[in-house]
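Student: I would like a close look at one part of this assembly, the place where two of its chains meet. Could you take me through that part carefully and then set it in its surroundings?

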Amino acid sequence: MFRHTPLRYATLAVLAAGMFAAAMTAEYFGLEILTEIAILAILVLALDMVAGFGGMVSLCHGALMGVGAYAYAVLAAKAGLAPPVAMAAAIAISGACSWVIGAICARSHGIYFIMATLAFGQMAYSYAFDSAALGGDDGVSGIPRLDLSAIGIDLNDGQSFALFCLLALAAAYGAAVIILRSGLGRSLTGIMHNEQRMRAVGLVTWRVKADVFGLSGMIAGLAGVLAAQHIMFVSPGLLAWTVSGEALVVVILGGLGTLVGPLVGAVLFVLLKHEISNVTPYWHLVVGVILVAVVMSRANGVFGWIEARVARWQAPRVISSRKEQVKNA
Amino acid sequence: MLETRNLDKSFGAIHVTRDVSLKLERGERRVILGPNGAGKTTLFNQLVGELRPDTGSIHLAGEDVTALPVATRARRGLSRSYQKNTLFDGLTVAENLALAASVATGNAMNMWTDSLAKPEIRDIVDDVANQVSLIPYIHAKVSEVSYGVRRQLEVGVALATRPLVLLMDEPTSGVGPEMAKGFHDLLNNLPRDLTLLIIEHDMDLAFDVADTITVLNYGEVVFDGLPEQARGSQLLKEIYLGSWEDA
Amino acid sequence: MSQDLGFWAVQTLNALQLSMLLFLLSIGLTVIFGLMHFVNLAHGSLYAFGAYVAASVASVAGFWAGFIAAPIAVAVLGLVLYVTLIKRMRRSGPMPQVLITFGLIFALLDLTRIIWGDLALGIEVPAILSGRVSVLGVEYPAYRLFIIALGAAIYAGLASVLARTQIGAMIRAGVDNDAMASCLGINVERLFFLVFCMGCALAGLAGAVAAPLLSVTPDMGLQILIPTLIVIVIGGLGSLKGAIAGSLIYGFVQTFGAALAPQLSSILIYALLAAVLVTRPTGLFPAKG
């Protein structure tokens, strides 16, 4: 069950302060990286919601993000809808697609669930790749950013857009926390621990899975909308299964089922990628080796490892204070 | 309250339930006895909907529920506990109870409010924890409490759905005689209007709780009556006690 | 009409050829899963590695030398992976396994780039198979027929090994219930090791066979992975029958889809996969009931 611990609050505060400071001080390239981090962080939040709290390891979240990006691109750039309307519609569309996928896959478990979501993701990828309406291999360009000039903000400015994405990240985090702490989110965690028993106490388990998967898809769709606005261009590569795979890697590197961990993972992943790319063109090799090492270590990612260490450090103190109570009694 | 009419089920050539007709009145406490493999758990699985009977029907509070899925029957008031602990192992005792209570109170699909913080759910959790003596362990993780406590929680989760009929599959299986006795006291203290159907292996313990007794053998009802009659029944001794001593 | 028949004949042969290539890949993956419950996403990378080895050896010593060398080299690589990583990951759930092998995909991808560079390698079809043969009233490339024959031969060989030999019986017992199999005195660990290396060797063979047809590039492993996974999920994990059925379904749907309904072809196979998963969540011929 999700709950905030002092460590999680502290980590959130450090992340928020660090990102805000970076947004205020960074140059062009730094702002690009910051925006990339914020968008990836939103995507991995969505993935951790279902994978870490529902055991639904999805390999289609990259594609769901792509659905959001394409929906926004087509509605805003081709159909000429106003950006805010297109944004809301795009999020709703990816949520709806996600709900349907979640409902269909709800019966599958373990490796079959992974494969089934992979299949749906690839279906979307192939469709985008072959569809003339979506620009095929060339994608869609000329995507407008949200126009906030009414309140004196120009999102075409890198810094404003980075701050906008950070705000969206904060909103997505808030939404994820509310959902995970709600009755629905708790039911999902119950299903992860014992689906048969949840059914036996009267829960329609596929509905819970589909609903949370749909909500998670909306958050992934938000990431997609922002990604489309960020580079002002979408291409089928956005929906490739490796994007989903990378998101899963980030969740694992950060700490599955901690919600805060994946945020840490997103920061580390993007920074690492850029740092390694500066040194060698073979950054995949480095990430691959790190991933293997993290999984082999059996720690729950970087943040999970820290949490475990802190818990171990606290445990002896609790025991010793109990012993003292016994003595005093 | 709960009624079965001519329930029949086979797995291939094995006839596991033969023409079982039972009728439980509201507040009745019935114990099902029978040797291993008599079809007791299979009967439970059909009652709650985890298995479909081949023929026959099941009625809950006057309504035919034979075709309804497990979850719907549970929401209509038919709850069960399992012979093998079927709990949410990574969660605390309170969270286990709250999950069941949130379904019963219609909070399980709510997207906004924290179900654990709702007073109506907390009340059920406290109430059930009290009924099955779980108060001292309420914030412990299931994986950290003893087997006996988990057996209590197994019944507790079923109770937290606020059922009309509670089916218990060997609630005392695997616990020592001392604890089993305590368990039966606990069952005797449950509200009198709750209908109980209990699978029990130990005859003496069964007589502690039962208003009525049903004996199954090879999927068939071979005895249906009061405990006193059961105690004296020659047929029962042969079928049930015979195989009991063999085992 | 004869032209029409020719069209059907060519498409059928194309479908068979694709099916057999996928079969070589999927059989290793599916038996490894059935026996060890291990999902090796890096199977495609092993196939790419095999293709590179075949191309390198072939450029010095001819096609057949590469044809022999690739399975051996990939089996050795599989051996190294088994001893260092996979043996230790066997008991963990699907998630860590997916991730470990996902990490391997990344690592192997860049390793092939480091060793062989980013440029595509080519490899010549051997002289004896370079011509065309007349079958079913059409002229068809001999090399493609060779692939069909090779796939069929390997299927027949594996089927008889599984059905008739001691080791086959041990593998079937292991797939059915590995705990029980080890109680019966079968050395399950050694069996796993053997099957894993065999699966890798077949992936290497598939790479060697595919090399002359496709250009050998670092990402060829990624491209083949998804079709292979689709094959084993449609067919049902762990069974030889599932692997061959899944391969044929994929090959025919893909080939005829592209020929008859080009607009739909790309999503057809995914839709089929989704339909199979909805109606038969464990595939058409799962190893276990």
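Tutor: Where chain A meets chain C, 33 residues of chain A are in contact with 33 residues of chain C, two residues being in contact if their C-beta atoms, placed from the backbone, lie within 7 Å. This is a predicted model, in which local features need pLDDT of at least 70 and side-chain atom pairs count only at pLDDT 80 or more, while totals for chains, interfaces and linings use all residues. Residues are numbered from 1 along each chain as its sequence is written, and chains are lettered from A and ligands numbered from 1 in the order in which they are written.

On the side of chain A that touches chain C, the elements giving two or more residues are α5 (110–130), α10 (241–254) and α12 of chain A; helices here are DSSP runs of H or I with at least four residues, strands are runs of E with at least two, and both are numbered from the N terminus. The largest share of that side, 15 residues, is supplied by α5(A). Sorted by class, the side of chain A that touches chain C holds 24 nonpolar, seven polar and two charged residues, where Ala, Val, Leu, Ile, Met, Phe, Trp, Tyr, Cys and Pro count as nonpolar, Asp, Glu, Lys and Arg as charged, and the others, Gly among them, as polar.

Helix α12 of chain A covers residues 283–296, and its 14 residues should span 20 Å at 1.5 Å a residue, which agrees with end C-alpha atoms that are 20 Å apart; the expected span is 1.5 Å times one less than the number of residues. The buried residues of α12(A) are A:His284, A:Leu285, A:Val287, A:Gly288, A:Leu291, A:Val292, A:Val294 and A:Val295. A residue is buried if 20 or more other C-beta atoms lie within 10 Å of its own, exposed if 12 or fewer, and partly exposed in between. Just after α12(A), A:Arg298 takes a positive phi of about 65 degrees.

Elsewhere in chain A, helix α4 (residues 83–105) contains A:Ala96, which counts as partly exposed because it has 15 C-beta neighbours inside 10 Å. A:Ala96 and A:Leu215 lie 119 residues apart in sequence, yet their C-alpha atoms are 8.8 Å apart in space.

Along its principal axes the C-alpha trace of chain C spans about 60 × 45 × 35 Å, and 49% of its 289 residues count as buried. Among the contacts in chain C with a separation of 6 or more, 75% join residues 24 or more positions apart.
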